[in-house]
Amino acid sequence: MANLKITLHHGLVNRTPKQCATAQSLGLRKIGQSVIREDNSVTRGMILTVRHLVTVEEAD
């Protein structure tokens, strides 16, 4: 299965608790931090919740 590289590019201050919890469950805590996750429906749903805070690209 393919992987996604997810990078947090906006901070979590003044965000809803759901958005903060979703970013933290993805493993994102600091601006500029990146994680690699599997490309599946669960991860895609989490990305949709915080899509305005992150950038997503395919990882090798």
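Which strands does helix H2 lie across, and at about what angle does helix H2 run to S1? In this predicted model, helix H2, formed by residues 41-49, lies across S1, S2 and S3. Its direction is at about 20° to that of S1.

## Sheet architecture

The three strands form an open sheet in the order S2-S1-S3, and their pairing is antiparallel. Strand S2 (34-38) and strand S3 (54-59) are at the edges with a single partner strand each, so one side of each has no neighbour in the sheet. From one strand to the next, the twist averages 30°.

Strand S1 covers residues 3-8 and is joined to S2 by five bridges, the two strands running antiparallel. Within this pairing, Arg37 of S2 is the bridge partner of Leu4.

## Nonpolar core

The largest nonpolar core comprises 12 residues. Among them are Leu4, Ile6 and Leu8, together with Leu12, Ala23, Leu26, Leu28 and Val35; Ile47, Val50, Leu53 and Val54 are also included. S1 and helix H1 (17-26) each contribute at least two residues to this core. The largest share, three residues, is supplied by S1.

## Surroundings of Leu4

Leu4 is a member of the largest nonpolar core and has Arg37 as its bridge partner in S2.

Note on methods:
Residues are numbered from 1 along each chain as its sequence is written. This is a predicted model: local features need pLDDT of at least 70, side-chain atom pairs count only at pLDDT 80 or more; totals for chains, interfaces and linings use all residues. Side-chain values use heavy atoms; hydrogens and water are left out. Two strands pair if DSSP finds at least two bridges between them. Helices (H or I, at least four residues) and strands (E, at least two) are DSSP runs, numbered from the N terminus. Axes are lines fitted to C-alpha atoms, for helices over the stretch in contact, and angles run from 0 to 180 degrees between N-to-C directions. Contact means heavy atoms within 4.5 Å. A nonpolar core is a set of buried Ala, Val, Leu, Ile, Met, Phe, Trp, Tyr and Cys residues joined through side-chain atoms within 4.5 Å. Buried means under 20% relative accessible area, exposed over 50%, partly exposed in between (1.4 Å probe, protein chains only).
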